[in-house]
Amino acid sequence: QVQVAESGGGSVQAGESLRLSCKLSKEVFNRSAMFWYRQTPAKERERVAGFAADGKVSYLDSVRGRFTISRDDPQGAIYLQMNRLNPDDTGVYFCNAVAVYDNYQKSYWGLGTQVNVSS
């Protein structure tokens, strides 16, 4: 069973920052594209940022310039530095690993970490 563990959520005021962490086994991490998603009651789950399989970095338009995704390959971890948070960033943030095996791929999800931003 692959475990994906997020941490770092919390409650902050608008304008403040949070840093999310996601760790999983190195064996899976090394074969995975890695993404951050978020879920709010008003929206479907949306991809916030990620590293594609080719290493290309992407961001949701509404977070570009405020959020930065990074990775620590030896640790099998990715991070999401979130600056200038606003109430629209409130939600449950999930880490997703899409692992590529010989002839199939498999998606792994963490349980999520709650981010609350008050105005």
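In this predicted model, G55 is placed in the loop that runs between β5 (43-51) and β6 (57-59). With a relative accessibility of 39%, G55 counts as partly exposed, because that value falls between the 20% below which a residue is called buried and the 50% above which it is called exposed. Between G55 and E16 there are 39 residues of sequence separation, and their C-alpha atoms are 29 Å apart in space.

From this loop we turn to the sheet. Four strands make up an open sheet in the order β1-β3-β8-β7, and their pairing is antiparallel. The edges are taken by β1 (5-7) and β7 (67-72), each of which has a single partner strand, so that one side of each is left without a neighbour in the sheet. From one strand to the next, the twist averages 15°. Strands of a sheet pair through backbone hydrogen bonds, in either a parallel or an antiparallel arrangement.

The individual pairings can be followed residue by residue. Strand β1 pairs with β3 in the antiparallel sense over three bridges, and here S7 has S21 in β3 as its bridge partner. Strand β3 (residues 18-23) in turn pairs with strand β8 (residues 77-82), again in the antiparallel sense, over six bridges. Within β8, Y79 is the residue that S21 stands opposite, while L18 has M82 in β8 as its bridge partner. The ring of Y79 also takes part in a contact of another kind, since the charged end of R19 sits over that ring, 4.1 Å from its centre.

Since C22 lies in strand β3 and C95 in strand β9 (residues 91-100), the pair ties together parts that are 73 residues apart in sequence. Both cysteines, C22 as well as C95, are buried.

A pair of aromatic rings is described by the distance of the centres and the angle of the planes. The structure holds four aromatic pairs, and one of them, formed by F94 and W109, is edge-to-face, with 6.4 Å centre to centre and 80° between the planes. F94 lies in strand β9 and W109 in strand β10 (residues 105-109), so this pair ties together parts that are 15 residues apart in sequence. The two partners can also be described by their accessibility: F94 is buried, with a relative accessible area of 10%, whereas W109, at 36% relative accessibility, counts as partly exposed.

Another aromatic pair, that of Y101 and Y104, is stacked, with 4.9 Å centre to centre and 15° between the planes. Here Y101 counts as buried at 17% relative accessibility, while Y104, at 46%, counts as partly exposed.

Key: Residues are numbered from 1 along each chain as its sequence is written. This is a predicted model: local features need pLDDT of at least 70, side-chain atom pairs count only at pLDDT 80 or more; totals for chains, interfaces and linings use all residues. Side-chain values use heavy atoms; hydrogens and water are left out. Helices (H or I, at least four residues) and strands (E, at least two) are DSSP runs, numbered from the N terminus. Buried means under 20% relative accessible area, exposed over 50%, partly exposed in between (1.4 Å probe, protein chains only). Two strands pair if DSSP finds at least two bridges between them. Axes are lines fitted to C-alpha atoms, for helices over the stretch in contact, and angles run from 0 to 180 degrees between N-to-C directions. Rings of Phe, Tyr and Trp (its six-membered ring) pair if their centres lie within 6.5 Å; planes under 30 degrees apart count as stacked, over 60 as edge-to-face and the rest as tilted. A charge sits over a ring if NZ of Lys or CZ of Arg is within 6 Å of the ring centre and within 35 degrees of the ring normal.
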